[in-house]
Amino acid sequence: MIFILGLGYSATVFARRMRAAGWQVGGTVRTAERAALLRSEGIEASSFDASGDDSGVLAAPLQAAEALLISIPPSPMGDPLPDRLAKIMAGATKLRWIGYLSTVGVYGDHGGAWIDETTPATPASPRSRARLEAEAQWRALGELAGKPVIVFRLPGIYGPARNALVALRKGTARRIVKPGQMFNRVHVDDIATGLSLSLAKDSAEAVYNLTDDEPSPPQDVIAYAAELLGVEAPPEIAFAEADLSPMAASFYAESKRVRNLAIKRALGFAPAFPSYREGLQALLRQGEGAS
């Protein structure tokens, strides 16, 4: 059994893939309505409030699980779950693999330079500092419980219903230009591939950058999506004039090119969508961005 703390966008894609491969899959969601929807697909979901004190309800599924994926982000106050689950995890004798979904934001800003897993983590934002602390908490819990924890650091995630094609059709796409700005991305299907490879092969602690192969300026993605749709790209907007929300602005505060060689060498990972171009082409074929 695979148990997933936080059946969000990426984790649900992974859950569906593993269920199709014959695994029993369970996990937590925020609402009873979402839980019911996933149960109708055969995923044993239940509602759970990570900020509450009902962690005891996780005892039975965790003790039955062979694999655990953590996809619940820490709050600004930190991640309470490692401490709350310590006793339960110590008794999870079947558990052999723990995956934690983190962010490349833990590396901070590198002015567009290339980085990899050996680059020191120097997070700048409170959100990324909380992520790095949560990584450390889960790895420490894994050591105490004798279970390997594999950390997956993710960049911007896109896929069905969350992509530049859809944003263009909705009229919400903006082509914001900040000279020198570079981002990596990853298609949600490639996240599921990386996780499944790790589950099959990893037996020791590891940290992987799970990204595409081609960091690119964000405005190029919007322009390419417009080209695929045969529509005019929105006008360029200078970053200084973009009037972004604090959350959106925080993404532009950091620029880096992230290498993914570690997961390729260790697990044979090969992204199906090495750049946004292949990803957007596939999404277009699937009907994304249809008018």
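Analyst: Helix α1 (residues 9-20) packs against helix α7 (residues 188-201) at an angle of about 60°, and their axes are 9 Å apart. This is a predicted model, where local features need pLDDT of at least 70 and side-chain atom pairs count only at pLDDT 80 or more, while totals for chains, interfaces and linings use all residues. Residues are numbered from 1 along each chain as its sequence is written, and side-chain values use heavy atoms, with hydrogens and water left out.

A few terms, then. Helices (H or I, at least four residues) and strands (E, at least two) are DSSP runs, numbered from the N terminus. Axes are lines fitted to C-alpha atoms, for helices over the stretch in contact, and angles run from 0 to 180 degrees between N-to-C directions. The angle makes α1 oblique to α7; under 35 degrees counts as roughly parallel, over 145 as roughly antiparallel, 65 to 115 as roughly perpendicular and the rest as oblique. α1 passes α7 in a right-handed crossing, meaning the near helix is turned clockwise from the far one by less than a right angle, with anticlockwise being left-handed.

Now, who touches whom? On the α1 side you'll find Y9, S10, V13, F14, R17 and M18, and they meet V188, D189, I191, A192, T193, L195, S196 and L199 of α7. Contact here means heavy atoms within 4.5 Å. Sorted by class, this contact of α1 with α7 has 9 nonpolar, 3 polar and 2 charged residues. Ala, Val, Leu, Ile, Met, Phe, Trp, Tyr, Cys and Pro count as nonpolar, Asp, Glu, Lys and Arg as charged, and the others, Gly among them, as polar.

Two other pairs are handy to set beside this one. The axes of α4 (residues 81-90) and α5 (residues 126-145) come within 10 Å and cross at roughly 15°, so these two helices are roughly parallel to each other. Their contact is made by L81, P82, L85, A86 and M89 of α4 and Q137, W138, L141 and A145 of α5. That group divides into 8 nonpolar, 1 polar and no charged residues. α4 passes α5 in a right-handed crossing too.

Then there's α8 (residues 218-229) with α11 (residues 276-285), packed at about 35° with axes 10 Å apart. The crossing of α8 and α11 is right-handed. Here D220, V221, Y224, A225, L228 and L229 in α8 meet Y276, R277, L280, Q281 and L284 in α11. By class, that gives 8 nonpolar, 1 polar and 2 charged residues.

Zooming out, the whole protein has 11 helices and 13 strands. Its radius of gyration is 19 Å, close to the 19 Å that the globule rule gives for 291 residues, so the protein is as compact as a globular protein of that length. The radius is taken over C-alpha atoms, and the rule is 2.2 Å times the number of residues to the power 0.38. Buried residues make up 53% of the 291, where buried means under 20% relative accessible area, exposed over 50% and partly exposed in between (1.4 Å probe, protein chains only). Residues 24 or more positions apart account for 80% of the contacts with a separation of 6 or more.
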